[in-house]
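Me: I've got this one open on the screen and want to go through its charged pairs and the overall layout. Can we take it step by step?

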Amino acid sequence: LLAGPPGTGKTALALAVAHELGSRVPFCPMVGSEVYSTEIKKTEVLMENFRRAIGLRIKEVKEVYEGEITEMTPTETESSYGVKRHFTGYGKTVSHVVIGLRTVKGAKQLKLDPSIYETLQKEKVEIGDVIYIEANSGAVKRQGRCDAYATEYDLETEEYVPLPKGDVHKKKEVVQDVTLHDLDVANARPQGGQDIMSIMGSLIKQ
(Lines give C-alpha, C1' and ligand atoms only; values in the text may rest on other atoms or scores of the structure.)
Protein backbone atom coordinates (compact mmCIF):
# COMPACT_ATOMS: atom_id res chain seq x y z
CA LEU A 1 0.00 0.00 0.00
CA LEU A 2 1.41 3.38 -1.06
CA ALA A 3 0.29 6.51 0.79
CA GLY A 4 1.14 10.17 0.29
CA PRO A 5 -0.11 13.53 -0.98
CA PRO A 6 -1.11 14.03 -4.64
CA GLY A 7 1.69 14.38 -7.18
CA THR A 8 4.33 12.40 -5.27
CA GLY A 9 4.49 9.57 -7.82
CA LYS A 10 2.40 6.80 -6.23
CA THR A 11 0.61 5.88 -9.46
CA ALA A 12 3.79 6.22 -11.53
CA LEU A 13 5.64 3.88 -9.17
CA ALA A 14 2.83 1.30 -9.29
CA LEU A 15 2.75 1.52 -13.10
CA ALA A 16 6.53 1.06 -13.28
CA VAL A 17 6.36 -2.04 -11.05
CA ALA A 18 3.58 -3.55 -13.19
CA HIS A 19 5.58 -2.77 -16.34
CA GLU A 20 8.68 -4.50 -14.94
CA LEU A 21 6.63 -7.57 -14.04
CA GLY A 22 5.54 -7.90 -17.68
CA SER A 23 2.68 -7.05 -20.00
CA ARG A 24 0.61 -9.97 -18.66
CA VAL A 25 0.38 -8.45 -15.18
CA PRO A 26 -2.89 -6.48 -14.94
CA PHE A 27 -2.73 -2.82 -13.88
CA CYS A 28 -6.02 -1.14 -12.95
CA PRO A 29 -5.89 2.62 -12.29
CA MET A 30 -8.88 4.17 -10.53
CA VAL A 31 -10.13 7.70 -9.90
CA GLY A 32 -12.11 8.92 -6.92
CA SER A 33 -15.19 9.75 -8.98
CA GLU A 34 -15.63 6.04 -9.80
CA VAL A 35 -15.73 5.05 -6.14
CA TYR A 36 -18.00 7.87 -5.00
CA SER A 37 -20.51 7.51 -7.84
CA THR A 38 -24.15 7.78 -6.80
CA GLU A 39 -25.20 5.10 -9.31
CA ILE A 40 -23.11 2.17 -8.03
CA LYS A 41 -22.26 1.08 -4.50
CA LYS A 42 -18.67 1.67 -3.40
CA THR A 43 -18.21 -1.99 -2.51
CA GLU A 44 -19.28 -3.07 -6.01
CA VAL A 45 -16.80 -0.70 -7.68
CA LEU A 46 -13.95 -1.78 -5.42
CA MET A 47 -14.76 -5.48 -5.82
CA GLU A 48 -14.86 -5.20 -9.62
CA ASN A 49 -11.49 -3.45 -9.72
CA PHE A 50 -9.97 -5.97 -7.32
CA ARG A 51 -11.14 -8.76 -9.62
CA ARG A 52 -9.70 -6.92 -12.63
CA ALA A 53 -6.34 -6.81 -10.83
CA ILE A 54 -6.15 -10.53 -9.99
CA GLY A 55 -4.66 -12.43 -12.92
CA LEU A 56 -4.90 -16.13 -13.72
CA ARG A 57 -2.99 -18.29 -16.18
CA ILE A 58 -5.13 -21.04 -17.69
CA LYS A 59 -3.62 -23.94 -19.61
CA GLU A 60 -5.74 -26.19 -21.80
CA VAL A 61 -4.94 -28.77 -24.48
CA LYS A 62 -6.88 -27.98 -27.66
CA GLU A 63 -7.17 -29.39 -31.15
CA VAL A 64 -5.76 -26.77 -33.52
CA TYR A 65 -4.48 -26.12 -37.03
CA GLU A 66 -1.15 -24.33 -36.73
CA GLY A 67 1.42 -23.11 -39.23
CA GLU A 68 2.73 -20.34 -41.44
CA ILE A 69 0.15 -18.99 -43.87
CA THR A 70 1.16 -19.72 -47.45
CA GLU A 71 -2.22 -19.02 -49.05
CA MET A 72 -5.31 -17.01 -48.15
CA THR A 73 -7.84 -16.99 -50.98
CA PRO A 74 -11.45 -15.90 -50.42
CA THR A 75 -13.99 -17.28 -52.89
CA GLU A 76 -16.67 -14.77 -53.87
CA THR A 77 -20.15 -15.59 -55.15
CA GLU A 78 -23.15 -13.53 -56.17
CA SER A 79 -25.19 -12.53 -53.14
CA SER A 80 -28.45 -14.45 -52.75
CA TYR A 81 -31.34 -13.44 -50.51
CA GLY A 82 -31.61 -15.29 -47.21
CA VAL A 83 -28.08 -16.73 -47.29
CA LYS A 84 -25.84 -15.47 -44.49
CA ARG A 85 -22.37 -14.77 -45.88
CA HIS A 86 -19.58 -12.26 -45.49
CA PHE A 87 -20.47 -9.22 -47.63
CA THR A 88 -17.70 -7.75 -49.81
CA GLY A 89 -19.65 -5.13 -51.76
CA TYR A 90 -21.01 -4.85 -55.32
CA GLY A 91 -23.54 -7.63 -54.72
CA LYS A 92 -20.91 -10.27 -53.90
CA THR A 93 -20.22 -12.27 -50.77
CA VAL A 94 -17.46 -14.55 -49.57
CA SER A 95 -18.79 -18.11 -49.55
CA HIS A 96 -15.60 -19.61 -48.08
CA VAL A 97 -11.87 -18.99 -47.75
CA VAL A 98 -9.01 -21.34 -48.61
CA ILE A 99 -6.09 -21.18 -46.17
CA GLY A 100 -2.74 -22.85 -46.75
CA LEU A 101 -0.67 -23.67 -43.65
CA ARG A 102 2.80 -25.18 -43.48
CA THR A 103 5.05 -26.46 -40.71
CA VAL A 104 8.51 -28.01 -40.65
CA LYS A 105 6.90 -31.42 -41.12
CA GLY A 106 4.35 -30.70 -43.83
CA ALA A 107 1.58 -28.55 -45.27
CA LYS A 108 -2.21 -28.56 -45.39
CA GLN A 109 -4.91 -26.65 -47.26
CA LEU A 110 -8.12 -25.79 -45.39
CA LYS A 111 -11.51 -24.68 -46.71
CA LEU A 112 -13.02 -22.50 -43.98
CA ASP A 113 -16.16 -20.57 -43.11
CA PRO A 114 -16.32 -16.90 -44.22
CA SER A 115 -16.59 -15.78 -40.58
CA ILE A 116 -13.01 -16.99 -40.08
CA TYR A 117 -11.92 -14.87 -43.04
CA GLU A 118 -13.49 -11.87 -41.31
CA THR A 119 -11.54 -12.70 -38.14
CA LEU A 120 -8.30 -12.99 -40.13
CA GLN A 121 -8.91 -9.51 -41.54
CA LYS A 122 -9.59 -8.06 -38.07
CA GLU A 123 -6.37 -9.63 -36.78
CA LYS A 124 -4.54 -8.17 -39.83
CA VAL A 125 -3.18 -11.60 -40.71
CA GLU A 126 -1.02 -11.78 -43.85
CA ILE A 127 0.77 -14.46 -45.82
CA GLY A 128 3.96 -15.29 -43.91
CA ASP A 129 2.32 -14.95 -40.48
CA VAL A 130 2.23 -17.88 -38.05
CA ILE A 131 -1.25 -18.56 -36.67
CA TYR A 132 -3.30 -21.28 -35.10
CA ILE A 133 -7.03 -21.90 -35.54
CA GLU A 134 -8.98 -23.74 -32.86
CA ALA A 135 -10.81 -26.66 -34.45
CA ASN A 136 -13.70 -26.49 -31.98
CA SER A 137 -14.54 -22.78 -32.00
CA GLY A 138 -12.79 -21.39 -35.09
CA ALA A 139 -10.98 -18.82 -32.93
CA VAL A 140 -7.86 -17.44 -34.63
CA LYS A 141 -4.65 -16.47 -32.82
CA ARG A 142 -1.84 -14.65 -34.63
CA GLN A 143 1.45 -15.65 -33.00
CA GLY A 144 3.75 -13.43 -35.05
CA ARG A 145 5.67 -13.20 -38.30
CA CYS A 146 7.62 -16.26 -39.44
CA ASP A 147 11.32 -15.72 -38.66
CA ALA A 148 12.19 -16.54 -42.27
CA TYR A 149 11.15 -12.93 -42.99
CA ALA A 150 13.35 -11.42 -40.26
CA THR A 151 15.86 -8.76 -41.28
CA GLU A 152 19.18 -7.73 -39.78
CA TYR A 153 17.92 -4.40 -38.47
CA ASP A 154 18.37 -3.82 -34.74
CA LEU A 155 15.03 -2.09 -34.28
CA GLU A 156 12.11 -4.27 -35.34
CA THR A 157 8.48 -3.50 -34.61
CA GLU A 158 7.43 -6.99 -35.70
CA GLU A 159 7.61 -10.06 -33.45
CA TYR A 160 9.18 -13.02 -35.25
CA VAL A 161 8.47 -16.63 -34.31
CA PRO A 162 9.96 -19.90 -35.61
CA LEU A 163 8.15 -22.11 -38.10
CA PRO A 164 6.05 -24.57 -36.05
CA LYS A 165 7.20 -28.18 -35.80
CA GLY A 166 5.06 -31.29 -36.12
CA ASP A 167 1.87 -31.65 -38.15
CA VAL A 168 -0.45 -28.80 -39.10
CA HIS A 169 -3.37 -30.56 -37.38
CA LYS A 170 -2.35 -31.28 -33.81
CA LYS A 171 -3.17 -31.02 -30.13
CA LYS A 172 -1.58 -27.94 -28.58
CA GLU A 173 -1.35 -26.61 -25.05
CA VAL A 174 -2.97 -23.17 -25.20
CA VAL A 175 -1.99 -20.73 -22.45
CA GLN A 176 -4.25 -17.76 -21.76
CA ASP A 177 -3.78 -14.99 -19.20
CA VAL A 178 -7.08 -13.68 -17.87
CA THR A 179 -8.43 -11.91 -14.81
CA LEU A 180 -11.21 -12.85 -12.42
CA HIS A 181 -13.29 -10.10 -14.06
CA ASP A 182 -12.84 -11.77 -17.47
CA LEU A 183 -14.20 -14.99 -15.95
CA ASP A 184 -17.18 -13.12 -14.51
CA VAL A 185 -18.03 -11.61 -17.91
CA ALA A 186 -17.53 -14.93 -19.72
CA ASN A 187 -19.79 -16.79 -17.29
CA ALA A 188 -22.48 -14.13 -17.65
CA ARG A 189 -22.55 -14.37 -21.46
CA PRO A 190 -24.48 -17.16 -23.25
CA GLN A 191 -21.84 -19.51 -24.62
CA GLY A 192 -23.74 -20.83 -27.64
CA GLY A 193 -21.80 -24.08 -27.84
CA GLN A 194 -18.37 -22.48 -27.43
CA ASP A 195 -16.06 -23.36 -24.56
CA ILE A 196 -15.31 -20.72 -21.95
CA MET A 197 -11.70 -20.22 -23.13
CA SER A 198 -12.91 -19.18 -26.59
CA ILE A 199 -15.53 -16.86 -25.10
CA MET A 200 -12.87 -15.19 -22.94
CA GLY A 201 -10.57 -14.84 -25.93
CA SER A 202 -13.22 -12.98 -27.90
CA LEU A 203 -14.01 -10.73 -24.93
CA ILE A 204 -10.38 -9.78 -24.32
CA LYS A 205 -9.96 -8.69 -27.97
CA GLN A 206 -12.87 -6.25 -27.70
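**Charged pairs and layout**

Me: Let's start with K105. Buried or exposed?
Reply: K105 is exposed, at a relative accessible area of 60%. The cut-offs are under 20% for buried, over 50% for exposed and partly exposed in between, using a 1.4 Å probe and protein chains only.

Me: Before I go on, where do these values come from?
Reply: This is a predicted model, where local features need pLDDT of at least 70 and side-chain atom pairs count only at pLDDT 80 or more, while totals for chains, interfaces and linings use all residues. Numbering runs from 1 along each chain as its sequence is written, and side-chain values use heavy atoms, with hydrogens and water left out.

Me: Fine. Which residue does K105 meet in a salt bridge?
Reply: That's D167, with 3.6 Å from N to O. K105 sits in the loop between β3 (92-102) and β4 (107-112), and D167 in the loop between β7 (160-161) and β8, so to speak a link between distant parts of the chain, 62 residues apart. A salt bridge here is a side-chain nitrogen of Lys or Arg within 4 Å of a carboxyl oxygen of Asp or Glu.

Me: And what about D167, how accessible is D167?
Reply: D167 has 41% relative accessibility, which puts it in the partly exposed class.

Me: OK, new pair. What does K170 pair with?
Reply: K170 forms a salt bridge with E66, at 3.1 Å between N and O. That pair also links distant parts of the chain, with K170 in strand β8 (residues 169-179) and E66 in strand β1 (residues 55-78), 104 residues apart.

Me: Is K170 buried or exposed?
Reply: K170 counts as buried, at 16% relative accessibility.

Me: Which residues are in a salt-bridge network with K170?
Reply: E66 and K172, and the three are linked in a network of salt bridges.

Me: Let's switch to D129. What holds on to D129?
Reply: R142 does, through a salt bridge whose closest N and O atoms are 3.0 Å apart.

Me: How many salt bridges does the structure hold?
Reply: Eleven. The pairs we talked through include K105 with D167, K170 with E66 and D129 with R142.

Me: Now zoom out. How many helices and strands are there?
Reply: The protein has six helices and eight strands. Both are DSSP runs numbered from the N terminus, H or I over at least four residues for helices and E over at least two for strands.

Me: And what order do they come in?
Reply: Along the sequence, the pattern goes α-α-α-β-β-β-β-α-β-β-β-β-α-α.

Me: Last one. What share of the protein counts as buried?
Reply: 30% of its 206 residues.
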